[in-house]
Amino acid sequence: MLKYIIIRILYFIPTFVGISMLVFFLSKHTPGDPLDKFVDEDLSINESYDDKQSRRLLIAKDLGLDKPVFYFEFRKNEQNNYPIIPKIKWNGFNNQYHRWFTNFILGDFGKSYFDRLPIRSRISSPLKWTLLINLISILLAYLISIPLGVYSADRKGALWEKSTNLFLYFLYSIPGFWLATLLITFLASQDFLQLFPAGGISSFSRDASFISKFLNVSWHLALPIFCTTYVAFAFITKQVKASMLNSLNADYIKTAKVKGLSKNKVLWKHGLRNSLFPLITLFSYVFPATIAGSVIIEIIFSIPGMGRLAYEGLLQQDWPLVYTIAMMGAILTLIGNLISDIIYACADPRVQLNNQNS
Amino acid sequence: MQSSGNNLIKKLSQTRSGRFAFFIIGLFLFFFVFADFIANEKPIYAKHEGQSYYPIFNAYANGLGLSQIKHPAPNKDWNEITFEKSIWPLLPYSGITIDLKNNYKGPFEAKVKTNRFGRHPLGTGQLGKDVASGIIHGTRVALIVGLMAMLLAAIIGLFFGSIAGYFGDQSFKLGPFGILFSCLSLLYLIYWSYISFGGNEIKNAGDILRNILALLGIPTLFLFAGHQIDGLFGFRKKFYLPLDLIIMRIIEVMEAIPGLLLLFALLTIINRPSMLSLILIIALVKWPAIAKFVRAEMLRIRGLLFIESSKAIGNPSWKSLFVHALPNAMRPVVITLAFGVASAILLEASLSFLALGVSEEIMTWGKLLSNARQKPSAWWLAVFPGLAIFLCVFAFNKIGDVLDGK
């Protein structure tokens, strides 16, 4: 088991390096010179051109921008006029990518273009909010959809099953940002019902008791969590139903029925247990999808999460912030995949690495 | 292809929701083609001082470079001129037409009438832009971006997915020169990207298109050259190139970054997104899903008898793959494409909702819906544009389901 986990973790290393290279490649192709963002255009100081260049050089040295970009580089061969044949140069480990990547692993995400402060200080609290919202949503989605899926699999063909089917189908097609806008318009604005706040995460005074703080935050998060939950909810219910229908046709269910077990016991103990496995792997799909969906919900409800921060970064042309959050999202996805793999391996010992055709 | 198209219509018309989906798509396609004739600030036909004008056709001809713009009074809007005779579109606004006197008016509120303006069946948004005509003109961006992005994604996904699934890890054999050339092609790709924009920014969408073409073309060229040289010297093919492993790692990298965050990261390298760059970006985000489906289907097909026989009669592997195996793997691709179009339309709408979409002066559903955020009391701005997005997404999802046989 431990061996399986270690090998699984090792599998993620090339993927993570690939992601970092993709992000670094993008960061090297953004419009504008990154150095311009860190050098002040101070017109009051009568600075000569040379002085300014030397100041730029100092800042570049500080940020590591004077180093070569990658481990190796190609240059146009100056001797001949054909740019088709490159000249390869090895740069060693003292390069920008190496510096950025090692710093990233050590928790130094670089400096923001906007306020020139380390990005790390801005990212920890949004990470908490995003994780909170997403984990609650996924938990809720699983808690509601498993009973619903089992129930409608049991009642296949009945009117109730058909109507929930249609309802789930509609739910699945509703764009999250539309639902969020509708909810704000009809449940959180003065012209209609003002039941919920239109945005933000809390509005309590500092000396409020823990319970009232908790209630206040959950009052604020009710609408956003609803918006991030429902897609996952519709999707998981569909899968639970399909998986249940599959296992209800199996021989052991017939045996259990013939044995004279009660209907509930057949359904919940024998049926559900065996259709739980696909639900575990579902987590590795639902988790990144929910994070991606929560980005726009965070922006609409002005929740200070990662999605909103990335959006602000994009609007303020604060590229390092955007890339850091993209990397964070990737890390979360990889961790989610890892967790679902490990749970699956625990639940079903037949799983081995070489059987996994991912 | 013809029969499968007929089949689809037959299947769709069997259920009520299928007929509904079919009707919705037909309606949006109608809007897509005739948007300029249903909602436009110019008349279809007008007679002014004895001279006839066909402003909408005139604008089309001018766009094609066939004729000059004809205008009876160049310093006036069409709306302000009184004509002897004129035929107007159903709505005299083109989605972005400004009607300042009717700022944020609901569908049932009284509106200020000026000339032909003042009829807004679904209300108005910021600066009195008409919601109904915005929705009609918005179908253009939504359908073009949705369909073209998925077409492009399908091409990339089909290519990579089919070679990954067909060859797997152990059947793409190369001789020594083949291996050498495939390594060289990787290095050359990096060099190519260096000379094409080493230090320069990507200026327009054409640059991106060139990159994608090179990305596909350079390895193919190198592999082909290596193959020829091996053939020339008679080297035995004894090395495996683990295509499946490589392509699946690339897909894993692309899929690890959650959708919208990857889009944000890709948007950083574009100054002002145009329709073409949006299509390219969405295609870049969407191809891994299609490639995965094609690969899974190929894994099944490559073991079937007709592929074995195609190999046995001595067809080259590219012919067995692209002529015999690929057409049989199209069914799941078409299903994923239908779902993919829905999600691409959704992505485009969310981007323009966040003011990151097409920056040109084109009305989109997302832009209309985002108006509701500035004025939450304008319920018609929240309901109608969102309904258009929802119906379109619903219809394409339904087509996917019908094709899937559910």
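## A serine in helix α13 of chain B

Setting aside residues up to four places away in sequence, B:S370 touches B:S352 and B:F353. This serine belongs to helix α13 of chain B, which covers residues 365–374. B:S370 counts as buried, because its relative accessibility is 13% and the limit for that class is under 20%.

## The model and its confidence

The structure described here is a predicted model. Its scores are ipTM 0.84 and pTM 0.84.

In chain A the mean pLDDT is 81, and 91% of the residues reach 70 or more. Among the elements of chain A, strand β1 (residues 72–76) has the lowest mean pLDDT, at 68, while α11(A) has the highest, at 89. For chain B the mean pLDDT is 80, with 92% of the residues at 70 or more. Among the elements of chain B, the lowest mean pLDDT, 64, belongs to helix α1 (residues 2–12), and the highest, 89, to helix α4 (residues 131–167).

## Chain B as a whole

Chain B contains 14 helices and five strands. Its C-alpha trace spans about 85 × 55 × 45 Å along the principal axes. Of its 406 residues, 51% count as buried. Considering contacts in chain B between residues at least 6 apart in sequence, 73% join residues at least 24 apart.

## An aspartate in helix α7 of chain B

B:D244 is placed in helix α7 of chain B, which covers residues 243–256. With a relative accessible area of 10%, B:D244 is buried. Apart from its neighbours within four places in sequence, B:D244 is in contact with B:A164, B:G168, B:D169 and B:R295.

## Helix α6 of chain A and its surroundings

Helix α6 of chain A (residues 176–187) has 12 residues. From its first C-alpha to its last it reaches 16 Å, close to the 16 Å expected at 1.5 Å a residue. Nine of the 12 residues of α6(A) are buried, so this helix is largely enclosed by the rest of the structure. The buried residues are A:F177, A:W178, A:L179, A:A180, A:T181, A:L182, A:L183, A:I184 and A:T185.

Which elements do the buried residues of α6(A) pack against? In chain A, they pack against α7 (210–248) and α10 (277–300). In chain B, they pack against α12 (330–353), α13 and α14 (379–404). Helix α13 of chain B is also the helix in which B:S370 is found.

## An alanine in helix α4 of chain A

A:A141 is found in helix α4 of chain A, which covers residues 120–154. Is A:A141 buried or exposed? A:A141 is buried, because its relative accessible area is 0%.

Leaving aside neighbours within four places in sequence, A:A141 is in contact with A:T229, A:A232, A:F233 and A:I236.

## Helix α12 of chain A

Helix α12 of chain A (residues 319–347) has 29 residues, which at 1.5 Å a residue should span 42 Å. The end C-alpha atoms of α12(A) are 42 Å apart, which agrees with that expectation. This helix is mostly covered, with 23 of its 29 residues buried.

## Two loop residues with positive phi

A:S302 is found in the loop between α10 and α11 (306–315) of chain A. Its phi is near 40°, a positive value in a residue other than glycine. A:S302 counts as partly exposed, because its relative accessibility is 30%.

A:Q317 lies in the loop between α11 and α12 of chain A. The phi of A:Q317 is near 55°, again a positive value in a residue other than glycine. With a relative accessible area of 39%, A:Q317 is partly exposed.

Conventions:
Residues numbered from 1 in each chain as written. Chains lettered and ligands numbered in written order. Predicted model: local features only at pLDDT ≥ 70, side-chain atom pairs only at ≥ 80, totals over all residues. Heavy atoms only, no water. Helix = DSSP H or I, 4+ residues; strand = E, 2+ residues; numbered from the N terminus. Buried < 20%, exposed > 50% of the residue type's maximum accessible area, 1.4 Å probe, protein only. Contact = heavy atoms within 4.5 Å. pLDDT = per-residue confidence, 0-100. Expected span 1.5 Å × (residues − 1).
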